[in-house]
Amino acid sequence: MTRYPAIDLRDATVAVTGGAQGIGRAVAAAFAARGAQVVIGDLDLERARAAATAIGGAAHPLDVTDPVSFQAFLAAAGEVDVLVNNAGIMPNGGFLDLDERAGRATIEINLFGVVHGMRLALPGMLARGRGHVVNIASLAGKFPVPGLAMYNASKFAVVGLTAATRREYARHGVSVSAVLPSAVDTALASGLDMKPIPKVATEDIARAVIGSVASRRAEIAVPRYVGALATLSALTPEPVLNAVRRLVRDDRALLPDSAERAGYRARLNGNFSGQTEHQA
Ligand SMILES: NC(=O)c1ccc[n+]([C@@H]2O[C@H](COP(=O)([O-])OP(=O)(O)OC[C@H]3O[C@@H](n4cnc5c(N)ncnc54)[C@H](O)[C@@H]3O)[C@@H](O)[C@H]2O)c1
């Protein structure tokens, strides 16, 4: 087993992307409660500032899809000991129905946001021979769900990226771990019927992230047993798996939007048009 140089959270600097709300906010709060200096980066600066003030941390603007923005965020954070790549979006809908911009943004944020963060933070960690990257993937990085094809694609990619880079950098004292939450009650999952996927709290994910600093485990599913179920499902013959999937109605992410879901979609669409203008 690889041994990594220990990180004492009491004098660690921790950067959390997408930490203005939801899982990222809970992760930021958990690190701050353990004495770490926490720096939150988010598109939503106002909310990020409020989150940072509540936990005694700092907030900076960040668009994870833009390497220049990410570089400025990390420069403001200082020497980062732990980077939590958490920012993400989840537009749902049939593969052919999903707006092309929504699909592209899913890959840009969920995958390239993680790539940019790692490319920018790893060199400093490697030079110091110490560091830990936590990529917030998803159970959807192991288990395909109709209606979430592009989200699945982004999260399967993050799981693969994490596993390969983990092997590359283990010898240099730097660990890369993936945390795979099942369903969590946040804006991202709002108005979506995720049954029978078990619901967990943002604090459960935060505990898993904090635990990974000591354990440096490769993949941490929350709750643990869903990781085993995902592995089991990959080994199950397709007709059997499909029968189970039909029984639990695995096509709920294809259902028409509830009012709450429509709100999440409208907010995302607003961000996509902002990005298009920004790039033009
Ligand atoms: N909620 C769930 O059910 C669930 C399950 C598994 C995995 N996850 C993953 O957890 C992570 C956090 O999700 P959440 O549920 O807390 O979502 P959320 O919508 O509550 O929060 C996401 C945060 O990311 C920020 N963000 C979005 N695009 C950004 C960008 N380009 N640059 C910087 N920040 C950006 C948003 O402003 C927001 O503060 C995501 O990667 C998501 O895929 C969530």
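I began with helix H5 (residues 149-169) in this predicted model. I find that H5 lies across S5 and S6, and that its direction makes about 160° with S6.

I next traced the sheet to which these strands belong. I record 7 strands in an open sheet, ordered S3-S2-S1-S4-S5-S6-S9, with parallel pairing. Strand S3 (58-61) and strand S9 (219-222) stand at the edges with a single partner strand each, so one side of each has no neighbour in the sheet.

Strand S4 (residues 82-85) and strand S5 (residues 131-136) run parallel and are joined by 4 bridges. Val84 stands opposite Val134 in S5. Helix H1 also packs on the sheet, where it touches S1, S2, S4, S5 and S6. I read the angle between the directions of H1 and S1 as about 170°.

I turned to the ligand. Which residues come nearest to the ligand? Of the 29 residues around it, they are Gly18, Gly22, Gly88, Thr186 and Leu188. H1 (22-33) gives the most to this shell, 3 residues, and strand S7 (183-184) supplies at least two. I list the shell as 16 nonpolar, 10 polar and 3 charged residues.

Finally, I checked the overall form. I count 9 helices and 9 strands in the protein. The radius of gyration is 18 Å, which agrees with a compact globule of 280 residues, because such a globule would have a value near 19 Å. I note that 45% of the 280 residues count as buried.

Terms used
Residues are numbered from 1 along each chain as its sequence is written. This is a predicted model: local features need pLDDT of at least 70, side-chain atom pairs count only at pLDDT 80 or more; totals for chains, interfaces and linings use all residues. The radius of gyration is taken over C-alpha atoms; the globule rule is 2.2 Å times the number of residues to the power 0.38. A residue is buried if 20 or more other C-beta atoms lie within 10 Å of its own, exposed if 12 or fewer, and partly exposed in between; C-beta atoms are placed from the backbone. A residue is near a molecule or strand if its C-beta atom, placed from the backbone, lies within 6 Å of it. Ala, Val, Leu, Ile, Met, Phe, Trp, Tyr, Cys and Pro count as nonpolar, Asp, Glu, Lys and Arg as charged, and the others, Gly among them, as polar. Two strands pair if DSSP finds at least two bridges between them. Two residues are in contact if their C-beta atoms, placed from the backbone, lie within 7 Å. Axes are lines fitted to C-alpha atoms, for helices over the stretch in contact, and angles run from 0 to 180 degrees between N-to-C directions.
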